[in-house]
Amino acid sequence: MSQIRIVRIHNELLGTYGDQGNAEVLAFRAKFHGITTTIIDVGYNDPLPTNGDIYLLGGAEDAAQLLSLEALQRDDNLNILHFAIERGAVILAVCAGFQIIGNKFWANGQEVDGLGLLDVISVPGDKRLVGDIKTISTVLGFELTGFENHMGRTILGSGAEAFGKVVTGNGNGDSKFDGAVLGNIFGTYMHGPILARNPEFADLLLTRATGRKYAQITDPLALKYASWRRKVIK
Amino acid sequence: MRLKLSILLAKLAGSLSKNVLRKSGETIPGRVLLALYPKAISELSKSRKIICVSGTNGKTSTTKALVTIISKLGTVTTSPSGSNLDRGVATALMQKSEYAVLEVDELHLSRVITEAKPVAVLLLNLTRDQLHRMHEVKRVADRWAVSAKGAPETLFIGDADDPFVELALAAAAQSHRVSFGGRKHLDGAVCPSCGIYLKWNRNDYKCACGLTNLNTDALFDSGSAAYRNATLANVTGQLLGGKAIAIDEQSLERSVNREYNGVKANLRLTKNPASWTEALTSVTGNDVVLIVNSREVDGIDTSWLWDISFAVLSGKNIVVCGERGLDIAYRLHVEGIEVEVTNNFESAISKFAKGSHVHVLAAYTAFHELVRA
């Protein structure tokens with residue numbers, strides 16, 4: 001496959017914390033591998049495309065998060081996501097998006113059912129967790145850096161594995177783990193955007209989406225940026 | 001008596017800070033005053049008419065314009081430039097006057113409204129900014145609306161094209177709603193009043209709950225942020241009995257000209273997606289310096305750089321610096337724009353030949369350092 005479709009879900013709602021950059025970084029890294037990409041922006045009233053290769057969700061304020069959830073539960077959208085997962089498509093969900101794809105979460109003071117794609121529940125904490133975060137990804141085996149800004153505390157069920165082990169920061173709220181992963185579904189609290197700060201993770205998502213291994217990319221600036229952030233966040 | 005003594009001590013602290021420690025000495029007096037006399041703001045506000053200016057962008061220049069207008073009506077005190085937390089407000093009020101025009105931080109506005117009981121509050125705009133501190137745009141908007149509702153004696157003036165401003169105007173007992181013919185809002189997808197998907201028709205919004213920028217008290221042509229802010233200052237001044245002043249967009253932009261070894265630099269403050277987007281439209285030349293910092297007032301996170309389209313910089317000579325120069329270098333790299341990264345402003349500006357005109361877009365802290373130097 002030399003062409004992939006990157007689906008940016010509800011950027012108008014889930015674009016508050018800069019996570020839209022994840023799509024741009026994926027497209028940029030893909031070019032090095034000779035993969036052509038299309039970024040499809042899905043609006044609140046649009047149906048999800050059935051043939052996406054990577055679906056992205058970002059961080060949001062509470063009201064926007066609830067609207068996005070409602071839209072994803074509407075029509076055939078949830079089936080489209082289930083089918084995408086079966087096809088081996090990748091889902092990367094950040095912060096509010098991570099909560100949306102879990103079993104339950106809280107927004108605007110009420111508990112709601114999420115999409116149930118990841119076996120996690122999120123509950124509100126007593127204080128907002130804001131600051132730099134560094135983890136060691138259990139899946140990737142290397143350090144990731146990002147920025148977290150959330151009230152949520154996320155509890156993993158037996159069907160999900162933590163995405164990263166926290167080195168600095170709070171992650172899911174216990175300062176031990178961040179995010180969750182199941183197959184090609186990734187949830188995390190890391191903004192930055194995460195793929196800008198950790199371009200190797202973008203490469204892994206491209207590999208997962210296409211089922212192909214790619215040669216290492218030579219992009220000195222990306223390497224310099226990622227390693228500098230890893231060095232300064234202790 | 002105790003208030004007078006507190007003011008005296010606060011002034012002394014200010015002059016010590018200025019003359020001995022060589023600091024700006026702008027916020028120290030207010031800080032000391034509030035520590036010694038916590039109710040200073042409400043006490044000192046009683047004897048005069050208070051006008052507050054708040055919003056994400058344009059507070060300082062709009063406050064200045066409003067001071068010019070109000071000074072024709074009586075004596076005016078104002079906040080030290082850019083010092084808009086409660087201590088800046090307290091500093092401004094230490095001097096006697098008939099009017100005080102105060103620049104107030106978005107999160108401090110509620111407290112200042114409660115304590116100073118302003119006759120008028122001018123709300124400019126509200127967009128994503130310093131989210132590590134503001135957390136959510138809606139959170140700030142809700143505070144504004146609660147304050148507006150709780151201040152029936154105060155006239156709220158604002159740009160109704162911004163749904164977050166309109167939320168406060170709609171909550172106020174007395175309001176003067178201004179429109180510039182509608183404008184898209186980066187954070188305007190959700191109705192801040194009822195939480196449903198906000199219905200936009202081109203540049204105008206009209207929600208089923210009633211929140212809208214239509215049918216305002218005044219309608220002006222669309223224009224730059226500087227023009228809108230100046231117009232809002234004029235409207236506010238006129239409502240208070242003053243005369244409108246000529247709008248000079250250049251002087252209203254937060255922009256300053258400096259020369260560095262024969263290199264002419266136009267410095268402009270850029271601190272969030274809205275102000276960057278506005279500033280980028282002014283980059284007409286080919287030589288550009290971008291400075292990104294990440295101190296408290298800059299926003300300690302740089303994710304928002306990805307909310308901005310830098311396409312207009314394509315093909316220009318760009319040098320970046322600042323604590324987070326690499327962040328913007330990589331962001332531009334992904335957008336297909338290559339830059340040179342330097343360690344500091346001196347070496348960035350030295351990359352340009354004598355006689356060249358360089359646009360310098362600077363983070364909040366960098367801008368203030370350069371202007372002060």
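Begin with the sheet in chain A of this predicted model: select its 6 strands, which form an open sheet in the order 2-1-3-4-12-11 with mixed pairing. Strands of a sheet pair through backbone hydrogen bonds, either parallel or antiparallel.

Next, colour strand 2 (36-42) and strand 11 (180-182) of chain A, which stand at the edges of the sheet. Each has a single partner strand, so one of its sides is left without a neighbour in the sheet. Viewed from strand to strand, the twist averages 15 degrees.

Now select helix 6 (residues 199-210) of chain A. This helix lies across strand 1 (3-9), strand 3 (54-57) and strand 4 (90-94) of chain A. Relative to strand 4 of chain A, helix 6 of chain A runs at about 145 degrees.

Finally, show both chains and turn to their contact, to which chain A contributes 28 residues and chain B 22 residues. On the side of chain A that touches chain B, at least two residues come from each of helix 1 (21-32), helix 2 (62-73), strand 7 (120-137), strand 8 (143-156) and helix 7 (220-232) of chain A. Helix 7 of chain A gives the most to this side, with 5 residues. Colouring the side of chain A that touches chain B by residue class shows 16 nonpolar, 7 polar and 5 charged residues.

Note on methods. Residues are numbered from 1 along each chain as its sequence is written. Chains are lettered from A and ligands numbered from 1 in the order in which they are written. This is a predicted model: local features need pLDDT of at least 70, side-chain atom pairs count only at pLDDT 80 or more; totals for chains, interfaces and linings use all residues. Two residues are in contact if their C-beta atoms, placed from the backbone, lie within 7 Å. Helices (H or I, at least four residues) and strands (E, at least two) are DSSP runs, numbered from the N terminus. Ala, Val, Leu, Ile, Met, Phe, Trp, Tyr, Cys and Pro count as nonpolar, Asp, Glu, Lys and Arg as charged, and the others, Gly among them, as polar. Two strands pair if DSSP finds at least two bridges between them. Axes are lines fitted to C-alpha atoms, for helices over the stretch in contact, and angles run from 0 to 180 degrees between N-to-C directions.
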